[in-house]
Amino acid sequence: MSMIRLTIDNNEVTTKRGTTILKAAESAGIKIPTLCYYKRLNPIGSCRMCVVEIEGYTVPVAACTTPVVEGISVITQSDRLFRMRQDALKLILVNHPLDCPVCDKAGECILQDLTFEYKIKSIDYKLPKQTLTSAYQTTFIQHVPERCILCLRCVNACKEIQGIGALSIEQTDGGAQITFDKDKCVSCGECVQACPVGGMVEKKSPFRWRSWEINRTVRTTCPYCGVGCQQLLHVKNGRIVKVTGVEDAEPNKGRLCVKGRFGYDFIYSKERLKTPLIRENGELRPATWDEALDLVVQKFTEIIKTHGPDALAGVSCARSINEDSYQMQKLFRAVFKTNNIDHCARVCHAPTVAGLATSFGSGAMTNSFNEFPRAKMFLVIGSNMTEAHPVASTLLKSAVQNGAHLILIDPRKHQLVDFAEMHLPLKVGSDIALLNGIMHVLIKENLYDRQFVESCCTGFDDLKAVVMKYPPEVAGNISGIEPETIREVARVLASVKPVMLCYTLGITEHTCGKNNVMSTANLQMLLGNMGVECGGVNPLRGQNNVQGACDMGALPNVFPGYHQVVDPDARKKFEDAWGVTALPAENGLMIPQMMDGLVTGKIRGFYIFGENLASTEADISKVEHELSSAEFLVCQDIFENETTRFAHVVFPAAAWSENDGTFASSERRVSRVRTASPPPGEARPNWWIFKQIAKRMGHDWQSDSAQELWDNEISVLAPNLGGIKYYRIENDGLQWPCPTITHPGTPVLHTDGKFTSGKGHFAPVEWTPPAEVADEEYPFVLSTGRRLYHYHTRTQTGRCIGLNDLLGEETADISIDDAVKMGIAHDEFIRVRSRRGEVTVKARVTPEVPDGMVWMAFHFREGNANWLTNQAFDPSTLTAEYKACAVAVEKV
Ligand code: SF4
């Protein structure tokens with residue numbers, strides 16, 4: 001890009017052609033006042049505060065919209081400009097109430113500051129007073145129309161940043177004002193963050209804080225999904241009172257969703273666990289740390305002595321920091337001497353880890369979120385990212401607004417359909433047939449990237465042999481997609497390069513989950529979309545730190561850094577590092593095997609850290625039987641939950657924002673998590689609890705903080721993390737692989753035609769149907785997932801003020817046609833039955849689901865879809881088929 005030179009206030013400035021005067025001035029440290037300008041939006045130049053003079057021009061121009069021109073001389077301060085800005089402000093102030101004493105924005109209001117700076121003592125204009133009446137509010141947002149200055153930052157933020165468009169401006173009898181579409185609004189609060197005055201304010205903590213009382217801001221990482229949004233916690237007297245997005249930070253650049261912005265106050269719930277608990281006479285009673293720790297050590301020691309170390313098993317927590325998962329797997333391996341350690345990747349992305357490792361040599365998202373807005377085309381399959389990964393979806397929507405194409409493959413017609421050029425509503429569980437059909441066309445019509453395939457991949461002939469069995473007519477018959485549409489999709493995919501493929505649990509939570517994953521990898525290799533920006537295979541991880549829990553070795557087959565436990569060299573490395581001998585040499589058990597073992601007696605002692613298995617695992621009745629069979633069950637959590645009902649000891653743990661640490665997001669970015677307030681009562685950091693158990697069993701671990709654990713152990717032992725130290729991730733995190741201290745991190749994997757495994761491997765896969773399909777007795781297919789306003793089993797979101805108001809109960813989503821056929825009205829109670837159980841919930845009659853499908857979530861205990869789901873597993877990863885089982889529906 002060519003550079004040009006100009007002067008601003010007699011300073012020589014060199015800047016890129018196309019830059020605005022405002023940005024050129026900013027880069028030279030020259031401040032021009034603004035009001036409607038917001039750096040995250042396209043400028044509109046409406047408030048006239050940023051007017052500047054240009055020598056030779058008769059009329060001042062708006063600096064935010066005027067591009068620089070070679071050789072111009074710009075004046076940003078003059079008497080004339082001062083008067084013009086004063087006039088602009090006075091016109092705004094005519095209708096702006098001076099209710100600063102009760103306005104949330106006081107102290108951080110740009111209008112207030114400019115009024116002071118431009119010395120406005122009185123307003124001599126006599127404009128007709130506006131009578132604005134239609135203020136709106138949501139659970140979290142209050143619109144105060146009298147204060148609105150019509151800068152349109154909220155309207156444009158809603159549309160441009162969040163891709164929602166719930167706000168618009170309308171001329172009413174009382175004057176122009178912002179109007180709101182309640183059906184579109186998702187309470188993300190982007191409008192509040194964008195509003196420069198108090199026209200949009202938060203309702204969450206009215207009259208509880210003033211901006212000057214915020215005595216600390218803490219940058220941290222969101223505790224919910226795997227996007228890893230960066231938040232700024234505003235803390236008053238040790239308590240978080242507000243959360244905003246960090247505006248220049250990766251990956252969210254200031255964006256947050258409703259949970260990230262308003263889902264912080266669960267940590268202050270009265271129901272927090274504050275002391276250890278021990279079960280006595282059937283009841284949990286408070287205990288001291290010494291009592292509880294001694295009891296756990298005594299029981300575990302007895303079990304090891306009597307039944308061997310493999311009679312113990314543990315589940316780590318993908319919501320907690322990396323350092324906690326590291327410490328737990330170390331406890332199991334180095335102290336207990338078993339590899340029976342796993343975590344909830346087992347119920348979501350274990351097929352990703354295994355499948356992508358087979359295809360590429362590395363089981364993680366290949367590209368980065370900051371590529372989304374620049375992408376040319378997306379293929380999204382099995383992902384309702386608008387609800388499950390909201391900020392990722394806003395990045396995708398930005399790209400579509402900028403001209404990118406979206407092909408969506410999903411049985412449901414969810415919100416991304418509005419942004420899609422093509423929507424393929426395939427039958428549940430037919431992904432492989434459809435993808436094979438697309439690849440059939442690519443090969444048959446010679447549309448694939450022959451050069452990439454020949455030079456960078458192995459196994460093409462095997463792939464070809466399999467996909468040739470899936471001409472579009474066969475693929476169409478299985479998937480329900482017209483053969484011509486399959487041909488068209490293949491041709492469109494081949495016409496644009498690169499295409500970014502994204503998927504979520506619609507791909508993995510099947511009995512063929514690993515094969516589904518490898519099928520997406522096959523397609524992207526065939527198209528030559530690997531190793532380049534805005535391409536790749538991009539699984540969006542569900543929980544905030546599920547990538548990290550995998551990286552830390554909270555898996556039965558790998559140490560931290562994915563060293564195989566069966567590899568003697570790896571074991572030697574960790575024995576030396578941990579000062580132990582004889583680390584266990586066999587792969588451990590996966591969660592479903594552990595649960596079976598509770599009943600058979602193979603597992604005697606079970607340690608569940610931060611998971612609520614009694615609600616998250618398929619077939620709750622069976623799971624409850626398994627948990628109740630445990631000889632000795634330890635839970636470590638921040639609340640009592642459905643699972644702690646079975647516990648013999650409960651340890652109270654520190655939550656997000658109550659200790660320092662790191663999370664690793666979907667895009668392999670390791671980011672800091674920081675302390676805003678201490679844990680309540682006797683609750684302690686999780687890594688500390690594991691350390692106390694190790695100590696009582698004769699192991700004197702040195703690291704005594706999350707930072708020491710990371711800097712001195714984790715980053716030393718995991719080669720991909722070797723260059724990541726706390727001091728390097730003070731601001732934006734680093735993406736692994738980052739092997740050395742000078743390495744900048746790796747935004748795109750498998751570049752230059754080189755895969756982690758050398759060459760990419762085509763692993764051809766045949767379509768297999770779901771384990772349980774609809775029949776006469778159970779004629780509907782149940783599919784499950786997440787809804788926007790809650791997370792997991794609501795242990796956190798259910799305790800945040802407001803989120804239950806937005807979604808207060810579980811529903812079963814059914815199609816309009818099915819509802820009409822069965823005479824079921826919206827909100828009417830229905831019974832949903834499977835071979836494993838039944839639930840009674842309200843029907844949500846919606847065009848989103850196709851005929852013959854029931855769609856439910858697992859957020860609420862009552863109506864939890866997991867009373868119905870099937871414990872049929874992907875054979876190699878033991879991930880359950882949450883996305884497909886057969887159910888019957890009837891009116892209650
Ligand atoms: Fe948090 Fe995910 Fe929302 Fe970002 S998109 S704010 S990480 S829940």
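Biologist: How do the residues lining the largest cavity divide into nonpolar, polar and charged?
Modeller: The lining of the largest cavity has 12 nonpolar, 16 polar and 10 charged residues. Keep in mind that this is a predicted model.

Biologist: Okay, and how much space lies in the largest cavity?
Modeller: About 620 Å³. There are 38 residues lining the largest cavity, and those closest to its centre are L505, E509, T784, G785 and K883.

Biologist: Which elements give two or more residues to that lining?
Modeller: Helix 10 (385-388), helix 17 (505-508), strand 30 and strand 34 (853-857). Strand 30 gives the most, with three residues.

Biologist: Let's stay on strand 30. Where does S783 lie?
Modeller: S783 is part of strand 30, which covers residues 780-785.

Biologist: Is S783 buried or exposed, and why?
Modeller: S783 counts as buried because its relative accessibility is 7%, and the cut-off for buried is under 20%.

Biologist: What does the side chain of S783 reach?
Modeller: The backbone oxygen of K883, at 2.8 Å. K883 also turns up among the residues closest to the centre of the largest cavity.

Biologist: And which residues is S783 in contact with, leaving aside neighbours within four places in sequence?
Modeller: M853, V854, W855, M856, Y882 and K883.

Biologist: Back to the holes. How many cavities of 30 Å³ or more does the structure hold?
Modeller: Seven. The second largest cavity has about 280 Å³ of space, and 24 residues line it. R319, S320, I638, A655 and W656 lie nearest the centre of that second largest cavity.

Biologist: Now the open side of things. What volume has the largest pocket?
Modeller: About 1100 Å³. The largest pocket is lined by 40 residues, with D183, V186, Q415, R844 and E848 closest to its centre.

Biologist: Which element gives the most to the lining of the largest pocket?
Modeller: Helix 11, with four residues. Helix 11 spans 390-401, and helix 10, strand 31 (811-814) and strand 33 (838-845) also supply at least two residues each. By class, the pocket lining has 16 nonpolar, 11 polar and 13 charged residues.

Biologist: What about the ligand, which residues surround it?
Modeller: C222, Y224, C225, V227, G228, C229, L256, C257, G260, P390 and V391. That shell divides into nine nonpolar and two polar residues, with no charged ones.

Biologist: Switching to the backbone. Which residues does a cis peptide bond join?
Modeller: One joins E250 and P251, with omega about 5°. Another joins K497 and P498, with omega about -5°. P251 sits in the loop between strand 12 (239-245) and helix 6 (258-262), while P498 is in the loop between helix 16 (483-495) and strand 21 (499-503). Most peptide bonds are trans.

Biologist: And which residue has a positive phi although it is not a glycine?
Modeller: N237 is one, with phi of about 50°, in the loop between strand 11 (230-236) and strand 12. H750 also has a positive phi, near 60°, and is found in the loop between strand 28 (734-735) and strand 29 (760-761).

Biologist: Is N237 buried or exposed? And what about H750?
Modeller: N237 counts as exposed, at 61% relative accessibility, whereas H750 is buried, with a relative accessible area of 5%.

Technical notes
Residues are numbered from 1 along each chain as its sequence is written. This is a predicted model: local features need pLDDT of at least 70, side-chain atom pairs count only at pLDDT 80 or more; totals for chains, interfaces and linings use all residues. Side-chain values use heavy atoms; hydrogens and water are left out. Buried means under 20% relative accessible area, exposed over 50%, partly exposed in between (1.4 Å probe, protein chains only). A polar contact is a pair of N or O atoms within 3.5 Å; within protein, one must be able to donate a hydrogen and the other to accept it, and residues adjacent in sequence count only if both atoms are side-chain atoms. Contact means heavy atoms within 4.5 Å. On a 1 Å grid over the protein atoms alone, a cavity is a set of points where a 1.4 Å probe fits but cannot get out, and a pocket is an open set with protein on both sides within 12 Å along at least five of seven lines; lining residues have an atom within 4 Å of a point. Grid points are joined across faces, edges and corners, and a volume is the space filled by probe spheres set on the points. Ala, Val, Leu, Ile, Met, Phe, Trp, Tyr, Cys and Pro count as nonpolar, Asp, Glu, Lys and Arg as charged, and the others, Gly among them, as polar. A residue is near a molecule or strand if one of its heavy atoms lies within 4 Å of it.
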